[in-house]
Amino acid sequence: MSKARSFEEIRNWAAKFAHDWKDIPGDERQWGQQFVRGLLQIYGLTETRAAFYEMRAKRTSTGRQGYIDALVPGKLAIEMKSEGRDLEEAERQALDYLNGLSDAEMPSYILTSDFKTFRLLDIRGGADDVVQWRLEDFKQHADALSFLAGYGERHVSWDERETASIKAAQLMASLYEGLSGSGYDDHQASVFLVRTLFALYADDSGLWERDLFLEFLENRTAEDGGDLGSQMNLLFQVLRTHETKRQTNMTGLLARFPYVNGGLFEERVDIPFFTSDMRTRMIEACYFNWSTISPAIFGSLFQAVKDKKARRSLGEHYTTEANILRVIGPMFLDELEAEFSEKSNQPKALRNLRQRMGRMQFFDPACGCGNFLVIAYRRMRDLELRILERIQKLDRERGRKSTALEDEGLAFLDDQVQIRVRNFHGIEIEDWPARIAATALHLVEHQANQEMAVRLGHAPELLPLDKVETIHTGNALRIDWTQVLEPSADVTIVGNPPFLGHSTRSSEQAQELRDAWSRKDIGRLDYVTGWYKKSIDYFRDISGGRWGFVSTNSVTQGEPVPALFRPVFEAGWRIRFAHRTFAWTSEAPNAASVYCTVVGFDKDTRPAPRLFEYPSVRGEPEEHRASNINGYLVDGPATFVEQRRTVMSPELPAFTFGSMPRGADLIVEPEDYEEVAADPAAAKYLRRFKMGRELIHAEDRWCLWMEDLDPSDLQKSKILRDRIDAVRMFRLNSSADSTRKMADTPHLFGQRSQPGQTYLATPAVFSENRRFATVARLGPEVIAGNKIFKTADPDGFAFAVMSSSMFITWQKTVGGRLKADLNFSNTIVWNNLPLPSMSSDLRQGLIGAGQAVLDARELHPERSLAQHYNPHVMDPALLKAHAKLDTLVDRAFGAKRSCRTEAQRQEVLFSRYAEMTD
């Protein structure tokens with residue numbers, strides 16, 4: 001039975017080809033086609049469908065018709081010339097024909113030859129990406145054209161694979177739409193589509209004869225598509241049947257397909273009905289070069305064909321390789337790479353390293369389409385291959401005749417590869433992505449075996465596939481993980497579980513979280529934290545192991561930190577590494593960024609924890625070695641900042657919410673101001689009104705503040721009557737008892753707490769990009785809304801503290817966030833600010849330095865707080881005033897010298913906090 005040729009076979013065929021043609025005159029007209037056919041036969045392209053000969057095409061330069069000597073669609077164009085002709089000129093001629101080709105036909109390479117010399121141009125690499133060899137050296141250069149036999153192109157860039165994978169996803173989405181639109185069962189459509197995906201990939205990747213599936217579609221199915229479903233079901237039956245168990249009278253095209261197994265074709269499904277258009281889509285998909293896709297980008301494929309609402313309800317986020325490496329790198333891969341580098345001249349140590357790698361087990365309990373598992377598998381296989389190459393090189397240098405594998409006495413077919421698919425385990429809640437994950441592991445294993453064949457000359461047989469039995473379908477928070485994979489110190493758990501806050505998760509998911517944590521009150525814990533608790537339970541009786549997850553950044557901020565990290569630390573785990581807040585990007589179409597952290601755990605004491613900080617949330621991290629990483633992802637003691645109802649510092653006043661209208665008609669928007677101001681009775685009650693946006697951006701807004709309402713003014717003002725009536729109706733229609741009771745006093749704000757003196761106002765939410773908090777001192781005539789926190793500040797002391805770098809550091813470290821923006825909390829942030837008692841002189845110094853900040857602002861009274869504190873263009877005078885303030889505030893918090901970095905301030909803050917809460 002025909003299958004892709006091995007590299008050894010290709011080289012032997014190339015040597016025979018060179019021998020046969022060495023004495024034949026290089027006459028293009030007489031021998032050109034025969035030469036090309038023989039050349040393509042080296043790589044198993046024996047059918048005319050694999051290459052078009054003398055393909056008619058229009059030249060871009062002249063507009064005239066001509067002929068491409070041969071074209072392998074999507075891969076290679078060949079231009080032959082008689083012996084001694086200029087091959088660069090022939091190359092230019094071939095390029096001249098390409099603009100008229102379709103996307104499916106467009107080749108990546110051009111091969112020119114004069115029968116004695118070959119010149120291969122990679123079009124994507126430009127004019128300098130050329131390889132050239134003589135006919136007599138063809139055996140040594142045969143690998144250059146191995147992509148014709150289905151072997152992956154070793155130098156295809158990640159960007160090219162990503163582009164190809166997105167195109168592949170679009171093709172699969174088109175096929176899925178055809179199936180689902182016909183009313184075919186969704187589960188069976190998923191099964192059918194995964195099998196089709198495998199057949200498309202096998203057609204281009206050397207698993208069987210090139211374009212065998214395309215030939216099957218074109219020759220064994222009717223043009224109207226009426227029998228396409230039944231014929232494909234027959235093909236799937238053949239692929240799941242071992243050659244020895246097939247009917248002896250099965251011949252022809254079907255008999256040329258190999259036995260695949262791997263569990264892909266076991267399940268029986270109903271026969272789908274296709275149309276002519278659906279058959280055409282299937283054939284068009286065959287013209288795409290599927291060997292260039294990356295199995296790691298199957299999340300993109302999945303998201304392209306699934307319903308948007310289903311995606312949102314499951315909280316899925318799809319992961320790029322760069323982001324996956326942020327997890328698996330510091331979790332285990334960096335350590336293995338370092339050991340390989342350190343022991344690169346020690347064959348025995350390298351063999352031991354391979355054996356240890358073979359014992360490692362990887363488990364993603366929220367695996368989705370398998371991206372984490374696929375990338376981990378590919379990286380581990382690549383490292384193992386480099387180890388084998390190094391062992392062989394060292395053996396040769398030492399004059400040893402045996403290979404590393406022979407020396408170890410390993411069986412070629414099974415034990416040659418230590419990193420096996422069976423070591424990679426996953427749980428996925430939905431059937432379709434679970435199938436994609438299993439298929440992706442098949443494909444990445446095949447690619448790894450191909451690469452091994454290229455670099456070592458041999459590899460495990462490509463078919464039949466090992467059955468992937470390590471991907472389990474079910475709810476990870478309900479499944480007993482120990483039944484999926486037996487716990488051991490060799491297990492590493494990684495993944496990207498769904499992020500769902502308390503306001504977005506369903507009642508069922510909330511109950512799952514309660515059950516995982518064995519507690520009724522889960523507070524503000526995110527759904528992702530259920531995976532943390534399951535990991536703790538999984539390793540309960542194991543002294544080792546490692547685990548870590550991508551998580552929403554909210555789990556390391558504010559109230560959730562003690563609830564999550566206290567049980568983690570009490571179970572004996574330490575943070576091995578952490579990535580502080582960054583924007584997690586996705587491969588999925590039109591995907592938005594999600595603000596995430598990554599936290600990994602182990603029970604070791606070495607090496608020192610690694611902390612990755614992001615100067616820009618969308619940029620690259622800076623790595624620091626830490627002495628200890630606490631739950632706030634700070635290098636500091638493992639203390640917890642919990643809600644405090646009173647202010648801890650003896651120096652600080654208490655913050656409270658501003659006033660809440662409970663009825664929009666008490667607010668006067670800019671477009672209504674003139675009308676209300678023109679009414680004498682209503683104008684008496686107009687007050688400037690500030691919410692967070694108005695405070696930061698100096699925008700105008702007003703309210704009707706009627707604590708001293710004169711009843712006679714209602715008789716005089718229709719505006720007041722209408723607005724008060726509207727507030728009354730709004731409150732009466734509320735579902736909240738407390739709000740309905742407020743309908744008795746519709747002229748008053750629902751909750752009122754307006755200061756009677758100068759006060760400090762801070763927005764509840766403000767940008768994390770600002771170097772200082774955007775706070776201001778306001779007079780009692782300005783009404784503070786409920787998106788503002790305020791405190792009495794007659795002397796400006798609170799303003800000075802809150803305007804310091806020490807405060808903004810504390811806010812960023814222990815406060816919550818709304819996406820990446822800072823979310824101020826009086827109970828978490830302000831009440832816990834560890835400001836010790838201080839001398840009256842130091843206090844007066846802070847008040848004076850705070851006033852200097854206000855004076856610097858007054859140099860540009862036309863600017864809003866947003867403009868004053870634009871991080872890119874802060875006024876030098878304002879920066880200087882803040883620097884002087886910081887010097888005094890640092891001293892007030894007990895810093896021995898002025899702090900220069902956020903990390904230095906965090907160290908001071910947590911030290912003071914530990915002292916004040918001892």
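**Figure 1. Thr762 stands opposite Phe789 in strand E24.** The view is taken from a predicted model. Strand E20 covers residues 759–763 and strand E24 covers residues 788–792. Five bridges join E20 to E24, and the two strands run antiparallel.

**Figure 2. Strands E16, E24, E20 and E22 form an open sheet.** The four strands follow the order E16-E24-E20-E22, with antiparallel pairing. The edges are E16 and strand E22 (776–778), each of which pairs on one side only. Strand E16 spans residues 656–657.

**Figure 3. Arg606 and Pro607 are joined by a cis peptide bond.** Omega for this bond is about 0 degrees.

**Figure 4. Arg662 has a positive phi value.** The phi angle of Arg662 is near 55 degrees, in a residue other than glycine. Arg662 is located in the loop that runs between strand E16 (656–657) and strand E17 (667–668). With a relative accessible area of 29%, Arg662 is partly exposed.

**Figure 5. Ala698 has a positive phi value.** Ala698 is a residue other than glycine, and its phi is near 55 degrees. The loop that holds Ala698 lies between helix H23 (692–697) and strand E19 (702–704). Ala698 is partly exposed, at a relative accessible area of 46%.

Terms used:
Residues are numbered from 1 along each chain as its sequence is written. This is a predicted model: local features need pLDDT of at least 70, side-chain atom pairs count only at pLDDT 80 or more; totals for chains, interfaces and linings use all residues. Side-chain values use heavy atoms; hydrogens and water are left out. Buried means under 20% relative accessible area, exposed over 50%, partly exposed in between (1.4 Å probe, protein chains only). Two strands pair if DSSP finds at least two bridges between them.
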